[in-house]
Amino acid sequence: MGTVTRGTTNPNRLRRMDRWIVATHGAELRRAADPVAVDLGYGAAPWTAVELLHRLRAVAPHARVVGVEIDPARVAAAEPYARAGLVFRHGGFEVPVSPAPSLIRAANVLRQYDEEEVATVWRRLCARLAPASEGSRGGLLVEGTCDEIGRRHVWVALGPEGPRTVTLATRLGSLDRPSDLAERLPKALIHRNVPGEPVHAFLRDFDRAWAAAAPYASYGARQRWMRAVRDLTADWPVTDGPARWRQGEVTVRWEALAPRE
């Protein structure tokens, strides 16, 4: 269920997304009896699935990864890379995996779809996540877009109940201003970066905070970013703190950036 993507992929491309997943969802994976993660639409080569297994097992040693691709030829090409804890399956948005996954990572998958299709895909994927229970928020869907070598990345995190947050992550040394990340907004937001939409206002305010933090540039781009994000918290519901900001990240509640009807 779905459409074959271009399949473009590179080793280490999803490192920023994976680093965030490990930091924010690692405890949920450790608590799960059988933590299954899905690399949905891994592309023409299985590098990202192999890397996901390695990174998740650093915090959840029993984690398993299933690479899911809608192109049977890509599944066949990935088979030599299968190992304990890593398998590859033919499929799409129906996510043919059991038990219900604790994590679905869908990077650069929805970019080719129309904006009006995104909500339907999100609902379908969220319905496949492990449900919330006492002591658990349930599984996590991470859907977003990055550049070819992973320097700039924006993603939406969703639980069984729907969207939760939006995260912007970047290699700070490559950044002229925060709105440079606009070209990597996920499909749900990229066409909404226009006056009158919340995401446009957020990026405008972020650029202003970045400009105001220019004196901190003498201490490095990291200190300038951290000061700009700290100033943003006065008007925007930033959900993380300095430990994540130091990584070139900032996470905001979905409701603050969600498109207007």
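How many of the residues of β4 are buried? Five of its five are, so β4 is mostly covered, because buried means under 20% relative accessible area, with exposed over 50% and partly exposed in between (1.4 Å probe, protein chains only). The model is predicted: local features need pLDDT of at least 70, side-chain atom pairs count only at pLDDT 80 or more, and totals for chains, interfaces and linings use all residues. Residues are numbered from 1 along each chain as its sequence is written, and side-chain values use heavy atoms, with hydrogens and water left out.

Start with the sheet. It is open, has eight strands and shows mixed pairing, in the order β3-β2-β1-β4-β5-β6-β7-β8. From one strand to the next the twist averages 20°. Such angles run from 0 to 180 degrees between N-to-C directions, with axes fitted as lines to C-alpha atoms, for helices over the stretch in contact. Strands (E, at least two residues) and helices (H or I, at least four) are DSSP runs, numbered from the N terminus. Two strands pair if DSSP finds at least two bridges between them.

Now look at β4 and its partners. β1 and β4 run parallel and are joined by three bridges. Here Asp-39 stands opposite Arg-105 of β4. On β5, β4 (residues 103–107) pairs with residues 140–146, again in the parallel sense, over five bridges. Arg-105 faces Val-142 in β5, and Ala-107 has Gly-144 as its bridge partner there. Between β4 and β5 the chain passes through helix α4 (residues 115–128), in a right-handed β-α-β crossover. Right-handed means that, with the strands pointing away from the viewer, the path from the first strand over the helix to the second runs clockwise.

In a regular strand the side chains alternate between the two faces of the sheet. In β4, Leu-103, Arg-105 and Ala-107 point one way, Ile-104 and Ala-106 the other, and all are buried.

Why does Asp-18 count as buried? Because its relative accessibility is 1%. The side chains of Asp-18 and Arg-105 are joined by a polar contact of 2.5 Å. That term covers a pair of N or O atoms within 3.5 Å; within protein, one must be able to donate a hydrogen and the other to accept it, and residues adjacent in sequence count only if both atoms are side-chain atoms. Beyond neighbours within four places in sequence, Asp-18 is in contact (heavy atoms within 4.5 Å) with Leu-52, Arg-55 and Arg-105. Asp-18 and Leu-52 are 34 residues apart along the chain, yet their C-alpha atoms are separated by 6.9 Å.

Leu-52 and Arg-55 are among the buried residues of α2. Helix α2 (residues 47–57) is mostly covered, with eight of its eleven residues buried. The cover includes α1, β1 (36–40), β2 (64–69), β3 and β4.

Last, the cores. A nonpolar core is a set of buried Ala, Val, Leu, Ile, Met, Phe, Trp, Tyr and Cys residues joined through side-chain atoms within 4.5 Å. The largest holds 54 residues, and Trp-122, Phe-202 and Trp-225 touch the most other members. Helix α6 (residues 198–212) gives the most to it, with seven residues. A second, separate core has 28 residues, including Ile-21, Ala-63, Leu-86 and Ala-107.
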